[in-house]
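Subject: Structure handover

Hello,

Here is the structure I promised to pass on. Please open it next to this message and follow along.

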Amino acid sequence: MDSVLRVQGRIGPRTLLITTAALPLTGWTLHALALHRRLAATRKDPLTGLLRRDAYTARARRLLARHGADTAVVIVDQDHFKAVNDDFGHPAGDAVLAATAARLTAWAGPRAAVGRLGGDEFAVVLELPAARLEQRLAQLVRMLHTPVVLEDGRTVEVAASVGAATPAAIGSRDLTVLQRAADAALYEGKHSGRAAVASPAHTTVPSINGRRAGRPGTAVWGRAA
């Protein structure tokens, strides 16, 4: 007891004040960190780890504003995905989606906005000069056509359609306009085995929620298309 009193005697009033004030601050910091983790989790899709629509949209718009003409908006749609679920089961379908997400992330790099719009549809916004667009899109198509090996050893043949739009070609930095054009180009070139690059004509295709009208999920505003 005497030793405790002697130690306390060497602690000045200011030190006690700082220590006392730090206790609730430390508790709040831990609470804030936990809250931040929960908020971060709501921004990401639990299956693929990609950004959800709102988080993707915010990041994509920042990239478009920052890099302007040297950006590309890419829409990716899995081909024959229903057949994967029907033939191999839904766990295999989940594995294909996760593999697609990993390939998109690796292709786009850490500074890009990569999101899952819903179902088997994905979007990427990245800095990509026009001189490299064709080469990089061809690389992406090859990656997305690489078979997926499941945990049980089975191999799933996969493919995806890709549409891209650039501010320079479309004449707009508006994300909705660019996604609409990329989505229309994707549909036009679906199952062709190559990426389709949008022209200004693709911006006139009727759309709902920024996606081509008639695509499943476009009937209700805010629903993933």
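Predicted model: local features only at pLDDT ≥ 70, side-chain atom pairs only at ≥ 80, totals over all residues.

Five strands make up an open sheet. Their order is S2-S3-S1-S6-S7, and the pairing is mixed. Strand S2 (113-118) and strand S7 (196-197) are the edge strands, each pairing on one side only.

Two helices pack on this sheet. Helix H5 (residues 90-108) touches S1, S2 and S3. The direction of H5 makes about 10° with that of S3. Helix H6 (residues 130-144) touches S1, S3, S6 and S7. The direction of H6 makes about 160° with that of S6.

Strand S1

Look next at strand S1 (residues 71-78). How many of its residues are buried? Eight of its eight residues are buried. Thr71, Val73, Ile75 and Asp77 point one way from S1. Ala72, Val74, Val76 and Gln78 point the other way. Both sets are buried.

S1 has these partners:

- Strand S3 (residues 121-127) runs antiparallel to S1, and seven bridges join the two. Ala72 stands opposite Leu126 in S3.
- Strand S6 (residues 160-165) also pairs with S1 in the antiparallel sense, over six bridges. Val76 stands opposite Val162 in S6, and Gln78 stands opposite Ala160 in S6.

Helix H8

Now move to helix H8 (residues 175-188). At 1.5 Å a residue, its 14 residues should span 20 Å. The end C-alpha atoms of H8 are 20 Å apart, which agrees.

At the N-terminal end, Asp174 caps H8. A side-chain oxygen of Asp174 lies 3.0 Å from the backbone nitrogen of Thr176.

Is H8 enclosed or open? Of its 14 residues, 10 are buried, so H8 is largely enclosed by the rest of the structure. The buried residues include Leu175, Leu178 and Leu186.

H3 against H8

Helix H3 (residues 53-67) packs with H8 at an angle of about 100°, and their axes are 10 Å apart. Angles of 65 to 115 degrees count as roughly perpendicular, so H3 and H8 are roughly perpendicular to each other. From H3, the contact is made by Tyr56, Thr57, Ala60, Arg61 and Leu64. From H8, Leu175, Thr176, Leu178 and Gln179 take part.

Best wishes

Technical notes: Residues numbered from 1 in each chain as written. Heavy atoms only, no water. Helix = DSSP H or I, 4+ residues; strand = E, 2+ residues; numbered from the N terminus. Expected span 1.5 Å × (residues − 1). Buried < 20%, exposed > 50% of the residue type's maximum accessible area, 1.4 Å probe, protein only. Polar contact = N/O pair within 3.5 Å; in protein donor to acceptor, adjacent residues only side chain to side chain. Pairing = 2+ DSSP bridges. Axes fitted to C-alpha atoms, helices over the stretch in contact; angles between N-to-C directions. Parallel < 35°, antiparallel > 145°, perpendicular 65-115°, else oblique. Contact = heavy atoms within 4.5 Å.
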